Amino acid sequence: MEKLENLAEKTIMFLRPRKLGKNLTPLRNSYHILRFNFSGIDTENEETTMRGFRKEVESSIKLFDEKYVKLYFIV
């Protein structure tokens, strides 16, 4: 994680397993996390797959917005 934190990038996309490990850094828990869970998507055909994908993305963005918008804007 320390290597990621030292990058000059403002936005980092990092895919990781749930349990990252024991190398905790001072910046842990200071990032906004947009979570997606695609495991429950019906993949019977292309239409149901795309519908499930869109629904999960929209739902995740809505939850992210509800959680973090209060930190930046007076609602």
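## Close-up views of a predicted model

**View 1. One salt bridge is counted in this predicted model, and Arg51 and Glu47 form it.** A salt bridge is taken here as a side-chain nitrogen of Lys or Arg within 4 Å of a carboxyl oxygen of Asp or Glu. Between Arg51 and Glu47, the closest N and O atoms are 2.7 Å apart. Both residues belong to helix H2 (residues 46-68), where they stand four residues apart and are therefore separated by about one helical turn. Relative accessible area, computed with a 1.4 Å probe on protein chains only, makes a residue buried under 20%, exposed over 50% and partly exposed in between. Glu47 is exposed at 56%, whereas Arg51, with 47%, is partly exposed. This is a predicted model, in which local features need pLDDT of at least 70 and side-chain atom pairs count only at pLDDT 80 or more, while totals for chains, interfaces and linings use all residues. Residues are numbered from 1 along each chain as its sequence is written, and side-chain values use heavy atoms, with hydrogens and water left out.

**View 2. Three aromatic pairs are found in a search of the whole structure.** The rings of Phe36 and Phe38 have centres 5.6 Å apart and planes at 10°, so this pair counts as stacked. Rings of Phe, Tyr and Trp (its six-membered ring) pair if their centres lie within 6.5 Å, and planes under 30 degrees apart count as stacked, over 60 as edge-to-face and the rest as tilted. Phe36 is partly exposed, with a relative accessibility of 36%, and Phe38 is also partly exposed at 36%. Phe64 and Tyr68 make a tilted pair, because their ring centres are 4.7 Å apart and their planes lie at 55°. These two residues are four residues apart in helix H2, so about one helical turn separates Phe64 from Tyr68. Phe64 is partly exposed at 27%, while Tyr68, at 11%, is buried. Ring pairs also join Phe36, Phe38 and Phe53 into a cluster.

**View 3. The second largest pocket holds about 210 Å³ of space.** Among its 13 lining residues, Ile33, Leu34, Arg35, Leu63 and Phe64 are the closest to the pocket centre. On a 1 Å grid over the protein atoms alone, a pocket is an open set of points where a 1.4 Å probe fits, with protein on both sides within 12 Å along at least five of seven lines, and lining residues have an atom within 4 Å of a point. The lining divides into seven nonpolar, three polar and three charged residues.

**View 4. Gly40 lies in the loop between helix H1 (2-5) and H2, and Thr48 lies in helix H2.** Helices are DSSP runs (H or I, at least four residues) and strands are runs of E (at least two), numbered from the N terminus; the chain has two helices and zero strands. Gly40 is exposed, with a relative accessible area of 72%. From C-alpha to C-alpha, Gly40 and Gly52 are 8.2 Å apart in space, and they are twelve residues apart in sequence. Thr48 is buried at 15%, and of the 75 residues of the chain 11% count as buried. Not counting residues up to four places away in sequence, Thr48 touches Ile41, Asp42 and Thr43, where contact means heavy atoms within 4.5 Å. Of the contacts in the chain with a separation of 6 or more, 37% come from residues 24 or more positions apart.

How values were computed. Points joined across faces, edges and corners; volume = space filled by probe spheres on them. Nonpolar A, V, L, I, M, F, W, Y, C, P; charged D, E, K, R; others polar.
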